[in-house]
Amino acid sequence: MLKPGTRVELTKGYKGVKGVIAEKTDSRYEFYVVVLDNDIHIVVGPSAFIVL
């Protein structure tokens, strides 16, 4: 599990856009709310990003 504040770069969808993990969702799956540098908030799984 990654901690809030971890910098990530998306590899799918918004490919190449960087952001910060804001929180982990309550889902039993490993979904995270990520705030992108362009101020869009998205929910993604761990296969959609790499940790910077």
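View 1. Thr6 sits in the segment before strand E1 (7-10); strands (E, at least two residues) are DSSP runs, as are helices (H or I, at least four), and both are numbered from the N terminus. Keep in mind that this is a predicted model, where local features need pLDDT of at least 70, side-chain atom pairs count only at pLDDT 80 or more, and totals for chains, interfaces and linings use all residues. Residues are numbered from 1 along each chain as its sequence is written, and side-chain values use heavy atoms, with hydrogens and water left out. With a relative accessibility of 18%, Thr6 counts as buried (buried is under 20% relative accessible area, exposed over 50%, partly exposed in between, using a 1.4 Å probe and protein chains only). A polar atom of the Thr6 side chain lies 2.6 Å from the backbone oxygen of Lys3. Leaving aside residues up to four places away in sequence, Thr6 touches Gly19, Val20, Ile21 and Val51, a contact being heavy atoms within 4.5 Å.

**View 2. The salt bridge between Arg7 and Asp37.** Arg7 and Asp37 pair up here, their closest N and O atoms 3.1 Å apart. The rule asks for a side-chain nitrogen of Lys or Arg within 4 Å of a carboxyl oxygen of Asp or Glu, and by that rule the count is one salt bridge. Arg7 belongs to strand E1 and Asp37 to the loop between strand E3 (32-36) and strand E4 (41-44), so the pair ties together parts that are 30 residues apart in sequence. Arg7 is partly exposed, at 32% relative accessible area.

**View 3. Glu23 in strand E2.** Glu23 is found in strand E2 (residues 18-24) and, at 44% relative accessibility, counts as partly exposed. Setting aside residues up to four places away in sequence, Glu23 touches Pro4, Tyr32 and Val33.

Technical notes. A polar contact is a pair of N or O atoms within 3.5 Å; within protein, one must be able to donate a hydrogen and the other to accept it, and residues adjacent in sequence count only if both atoms are side-chain atoms.
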